[in-house]
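Please read the points below beside the sequence and the model.

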Amino acid sequence: MNLNYLKFGTIGLFWLVGTSGIYAQQLTDKSEIQLNDLSAFNNPGKSWTVAEKVLSDPKKVNQLILSKGTGILVNSTSNKEKGADLLTKELHGNIILELDYMMANHSNSGIYLQGNYEVQLLDSWGVLHPTSGDNGGIYERWDDSKPNGSGYAPRQNASKAPGLWQRIKIAFQAPQFDASGNKVANARMLSVELNGVLVQENVELFGATAGALDKEKTLGPLRLQGDHGSVAFKNIKISKLPEDRLNGRNRNNGGDDPIYVDAPTNTNIRSFIHYGANKIAVHAISVGSPLKTHYAYDMDNGIILHAWHGEFLDATPMWHGRGNATSRARGAVTSFVKNAVPTIAQLANAQATWPADTANASFKSKGYTLDAEDRPQFKYQMYGTGVTDIIQVTNNGKSLSRSITLDKPVNNLYHLLANANTIDEISKGLYLIDGSYYLELAKGASKPIIRDAKEGKELIILLDKPLNYSILF
C-alpha cells in the first residue's frame, strides 16, 4: 500500500491510497502515517532522490554517499545544484512529527511546520553555547526590533557529529482563528526532543519565521529545507497531537525537584550506571568535562559504556531519599556496548570467540589515579601484565581520545574496539559503528580486523604496541 497524499488537522486524517480512490479515517491517538518516498511531496527538485543507505565522511564538507534503494530521502547539493525545499502535497494542523536526519559536514537545513515555523537543523557538532541558529533552535526573525538571529536557543547542545543519524520529535500546535479569520491564538512548539533530550518546551510563536511559505493559516504543508546543504531524512512519522497536550498541558512530570550535577571543571562521580537494555554496571564512574562531553566507564571490564554531549548528571535516583545508587546522563547518549565484556582478551587466533567475562584473565582492577587536571587514568592487571587506560575529551569536545598501554608485552592479546550490528570503513583508519559513532585509529596503528560475531560484527585489534584512537560522536 503506497501513501500518495496526506491531510491531517486537529480532527482527522485523510489520504489517497493506490488507485482505488479516497479513503477517510478518523485519526486516533495511536494512528500514524509514514513518509518514506517522494510521492507525498509536490514536485521534488533534481537534488532530491531516494536511497537505501547513506554514509558520509565527517571530514569532507557537504558530502553524502548514497546506495541506491528505498526508504531514505536524500538532498544532495553542490555549487552546481543548489537544492530545493520539499513540501507535502497536503496540509496539517496540530501534529506530532518524528524523524531521523543526517547532516553533512557544515550543512544547514530546517523543518518548517505548516511551511512557516522553523526548527533549525544544522551541523552544530561541538558548539559549546548554542544559539537559536543552532541544531534544535527555533528561529524568530519576524520582529525587526530583536537582534539578528533572535529566537529560542536549545536548552543544551544535544547534536551529534555530521554523517551520524540524529532523531527529532516535535509536538506542534497550529495557530487558531475565529470565524472572521482573525488570529485568536498563536502557534506553539509544545516540545522539541533532540536525540532523546528535551531542548524546547511550550514555546509560543508570535509570528512566522523569516522566509515563511505563506501567511499564518489553520493548515499548511510540512516543509523540509533543501536549499542550504546536503541532508537526508528517514523514518518520517506523523501522528495526531493528543488533546491533553494542547497549550502546553501534560508536560509536568511532577515529583521532587531534580538533583543535577554540573561539570564546570573535570568532575568524577562514582555510582551504579544503567546501560544497554536493562543492564547495570556497579563498579562504574561518570567522568564530566567543562567542554560538555562526558563518558561512563565500567571498571570491572575496562570498557567505556557510553558518552554524551550536553549537561552532566542527574543524581536524583542516587541522592534523593534513600536512593538506589544510580545516576543518569542529562545529555544525548551514545552507547558503545551491547554487553559488558572484557576490553582485552587473549585469543588463540584472530577468529576465536571473545570471552564473556574475565574469569580466565586473572583480572584485578587497580582503580585509577588522577592527572594534574583531575582526569582519571584507569589501571588494571590481566594476563600477567599491567594495563593503563587513559581517556580524554579532545577536539574541543567533539571526541574522546583513548590510549591503552601495557607494562610488558603478551602474545595474542587483542582489544575489542567495537561490537555492533554494522561496521563500515569510511576511509583508511576511520570506521562508522552502527551509524551512531565513528572510531578513528591514530596513524601507525595496526590494521584492525572486522569479523563476524554471535551478535553482528566485532572490530578487534592486536595489542602488539601502544594503542591510540579517537571516538567521534
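1. The lining of the largest cavity divides into 13 nonpolar, four polar and two charged residues, where Ala, Val, Leu, Ile, Met, Phe, Trp, Tyr, Cys and Pro count as nonpolar, Asp, Glu, Lys and Arg as charged, and the others, Gly among them, as polar. A cavity here is a set of points on a 1 Å grid, over the protein atoms alone, where a 1.4 Å probe fits but cannot get out, and lining residues have an atom within 4 Å of a point.

2. This is a predicted model, in which local features need pLDDT of at least 70 and side-chain atom pairs count only at pLDDT 80 or more, while totals for chains, interfaces and linings use all residues. Residues are numbered from 1 along each chain as its sequence is written, and side-chain values use heavy atoms, with hydrogens and water left out.

3. The count comes to two cavities of 30 Å³ or more, and the largest has a volume of about 210 Å³, a volume being the space filled by probe spheres set on grid points that are joined across faces, edges and corners. Of its 19 lining residues, I304, F336, V337, L416 and L417 are the closest to its centre. Strand 33 gives the most to this lining, with five residues; strands are DSSP runs (E, at least two residues), numbered from the N terminus.

4. The second largest cavity holds about 40 Å³ of space. Eleven residues line it, and Y117, I138, Y139, L205 and T209 lie nearest its centre, while strand 10 (117-122) and strand 11 (138-139) each supply at least two residues of the lining.

5. The side chain of T267 reaches the backbone oxygen of T265 at 2.7 Å. Leaving aside neighbours within four places in sequence, T267 is in contact (heavy atoms within 4.5 Å) with D262, S286, V287, G288 and F312.

Terms used: 1 Å grid on protein atoms, 1.4 Å probe; cavity = no way out; pocket = protein on both sides within 12 Å on 5 of 7 lines; lining within 4 Å. Helix = DSSP H or I, 4+ residues; strand = E, 2+ residues; numbered from the N terminus. Polar contact = N/O pair within 3.5 Å; in protein donor to acceptor, adjacent residues only side chain to side chain.
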